[in-house]
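Reader: I would like a close look at a single part of this model, taken slowly and with its surroundings.

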Amino acid sequence: MNAIYRRCHWCGELLRYHCSAWVHLDGGQYMMQCPVCGWKGAPSRIPSRCPRCGAETHQDHCAFPEPTPEEYQILHAERENSSYEGEKIPQTL
């Protein structure tokens, strides 16, 4: 079976479709970062501490694939044909 690859909407890195989910090539869905040393990675096991300096890591983003040109056309056509005008906000006194 051939692997399916797409670019991540948030970081532009390659994603791979694996076990019914999009993952970064490191194997994880979530791109983590260290605010102290600048380390970034998406390991399959989310680290609570930076593997480089030991500081607490933070979630940067979740893998989100860019749509293909065909999917983009479908999404754009659905948006154009939609009658949804946004949420109606009730006026208060």
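How many bridges join strand 1 to strand 2, and in which direction do the two run, parallel or antiparallel?

Author: In this predicted model, strand 1 and strand 2, the latter covering residues 14–18, are joined by 3 bridges and run antiparallel. Within this pairing, Arg 7 stands opposite Leu 14 of strand 2. The two strands belong to an open sheet of 3 strands, arranged in the order 1-2-3 with antiparallel pairing. Its edges are strand 1 (5–7) and strand 3 (21–24), each of which pairs on one side only, and from one strand to the next the twist averages 40°.

The ring centres of Trp 10 and Phe 64 are 6.1 Å apart and the planes meet at 35°, so the pair counts as tilted; a search of the whole structure finds 2 aromatic pairs. Trp 10 is exposed, because its relative accessible area of 54% is over 50%, while Phe 64, at 44%, is partly exposed.

Ala 63 is also placed in the loop between strand 6 (58–62) and helix 1 (69–81), but Ala 63 is buried, with a relative accessible area of 11%. Leaving aside neighbours within four places in sequence, the contacts of Ala 63 are Cys 8, Leu 15, Trp 22, Val 23, His 24 and Gln 29. Between Ala 63 and Met 31, the C-alpha to C-alpha distance is 7.4 Å, although 32 residues separate them in sequence.

Terms used. Residues are numbered from 1 along each chain as its sequence is written. This is a predicted model: local features need pLDDT of at least 70, side-chain atom pairs count only at pLDDT 80 or more; totals for chains, interfaces and linings use all residues. Side-chain values use heavy atoms; hydrogens and water are left out. Two strands pair if DSSP finds at least two bridges between them. Helices (H or I, at least four residues) and strands (E, at least two) are DSSP runs, numbered from the N terminus. Axes are lines fitted to C-alpha atoms, for helices over the stretch in contact, and angles run from 0 to 180 degrees between N-to-C directions. Buried means under 20% relative accessible area, exposed over 50%, partly exposed in between (1.4 Å probe, protein chains only). Contact means heavy atoms within 4.5 Å. Rings of Phe, Tyr and Trp (its six-membered ring) pair if their centres lie within 6.5 Å; planes under 30 degrees apart count as stacked, over 60 as edge-to-face and the rest as tilted.
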